[in-house]
Amino acid sequence: MEHAQLTEARPYHHGDLRRALIEAGRRLLEVEGGAGISLRAVAREAGVSPAAPYHHFRDKSELLDALAFEGWDQLGNQMREALSNAGSEQNHLVILGVAYVRFARMNPAIYRVMIDCSQSHETMPEKLRDEGAYQLTRDTLVEAGVDPNDETGLELAAVAVWCAAHGVAEMVGFKEFEPLRVQLGGEEAFLRSIFSQLDIFRPGRKVAAA
């Protein structure tokens with residue numbers, strides 16, 4: 001889809017310029033990926049002047065950080081929704097893992113930006129760490145039996161869950177897994193089965209520093 005067509009379909013008509021720019025960036029990201037993002041292109045897509053984005057973002061990296069923040073926030077909301085729809089008898093850690101991978105698979109462009117931006121910062125934004133998907137993972141680990149007073153063990157467990165979910169998200173689409181996916185009854189059953197095989201996702205798992 002051409003930029004001109006996108007811009008004509010979604011002209012800028014309201015006062016929240018920052019929100020308009022982020023939404024324009026998200027649309028461009030889905031079409032062209034991170035390499036196709038620039039402040040000029042986002043301005044064109046939002047229907048504003050080339051100088052307008054500089055009122056909110058110093059450069060492309062700040063815009064990508066804002067897009068990553070949006071993605072992490074959306075991921076946290078989807079993980080929370082998945083938990084709210086889960087029965088008490090279900091393994092909530094597995095539910096979180098499946099929600100994480102489904103988000104990554106359905107939003108590959110924003111997910112790549114989320115991961116790339118996280119690697120370039122010493123810490124994730126405080127709001128996301130304290131209220132977002134990462135904290136939700138920690139809380140669910142405590143509910144599953146990890147000792148909340150063992151901060152090192154809890155942090156290691158959260159990192160382990162996070163890395164496992166990311167690894168599954170990166171590899172689950174391999175074509176060689178298709179027969180097993182079909183055998184198990186589809187993608188969600190396949191994902192649940194994968195996470196159920198990982199010890200860290202089992203309720204009551206005790207984690208401690210080596």
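Begin by selecting Arg58: at 66% relative accessibility it counts as exposed, where exposed means over 50% relative accessible area, buried under 20%, and partly exposed in between (1.4 Å probe, protein chains only). Arg58 is found in the loop between α3 and α4. Helices here are DSSP runs (H or I, at least four residues), as strands are (E, at least two), and they are numbered from the N terminus.

The model on the screen is predicted, so local features need pLDDT of at least 70 and side-chain atom pairs count only at pLDDT 80 or more, whereas totals for chains, interfaces and linings use all residues. Residues are numbered from 1 along each chain as its sequence is written, and side-chain values use heavy atoms, with hydrogens and water left out.

**The whole chain**

Show the protein chain as a cartoon. It has 11 helices and 0 strands. Of its 210 residues, 40% count as buried. Contact means heavy atoms within 4.5 Å. Among the contacts in the protein chain with a separation of 6 or more, 67% are between residues 24 or more positions apart.

**Helices α2 and α3**

Select α2, residues 17-32. This helix has 16 residues and reaches 22 Å from its first C-alpha to its last, close to the 22 Å expected at 1.5 Å a residue; the expected span is 1.5 Å times one less than the number of residues. Buried residues of α2 include Leu17, Leu21, Leu28 and Leu29, and also Arg26 and Arg27. After α2 comes Gly33, whose phi is positive, near 80°.

Move on to α3, residues 39-46. Is this helix enclosed or open? Of its 8 residues, 6 are buried, so α3 is largely enclosed by the rest of the structure. The buried residues are Leu39, Ala41, Val42, Ala43, Glu45 and Ala46. Gly47 follows α3, and its phi is also positive, near 80°.

**From α5 into α6**

Select Asn107, which lies in the loop between α5 and α6. Asn107 is buried, with a relative accessible area of 15%. Not counting residues up to four places away in sequence, Asn107 touches Arg26 and Gln74.

Next select Ala109, found in helix α6. With residues up to four places away in sequence again not counted, Ala109 touches Leu29 and Glu30. Ala109 and Val31 are 78 residues apart in sequence, yet 8.6 Å apart in space, C-alpha to C-alpha.

**The largest nonpolar core**

A nonpolar core is a set of buried Ala, Val, Leu, Ile, Met, Phe, Trp, Tyr and Cys residues joined through side-chain atoms within 4.5 Å. The largest nonpolar core has 62 residues, of which Leu75, Tyr100, Val101, Met114, Leu141, Phe195 and Phe201 touch the most other members. Helices that each supply at least two residues of this core include α2, α3, α6 (108-119), α8 (133-143) and α9 (151-171). Which helix gives the most to this core? It is α5, with 10 residues.

Centre the view on Phe195. Leaving out residues up to four places away in sequence, Phe195 touches Val94, Gly97, Val98, Val101, Ala164, Ala165, Val168 and Phe201.

Then select Val98, in helix α5. At 5% relative accessibility, Val98 counts as buried. Apart from its neighbours within four places in sequence, Val98 is in contact with Glu188, Leu191, Arg192 and Phe195. Val98 and Ser193 are 95 residues apart in sequence and 9.8 Å apart in space, C-alpha to C-alpha.

**The second largest pocket**

Rolling a probe the size of a water molecule over the atoms shows where empty space is left. On a 1 Å grid over the protein atoms alone, a 1.4 Å probe fits but cannot get out of a cavity, while a pocket is an open set of points with protein on both sides within 12 Å along at least five of seven lines; lining residues have an atom within 4 Å of a point.

To find the second largest pocket, select Gln78, Glu81, Ala82, Ala99 and Arg102, which lie nearest its centre among the 15 residues that line it. About 290 Å³ of space lies in this pocket, the volume being the space filled by probe spheres set on grid points joined across faces, edges and corners. Finally, colour α4 (60-84), α5 (92-106) and α11 (187-197), each of which supplies at least two residues of the lining. The largest share, 7 residues, comes from α5.
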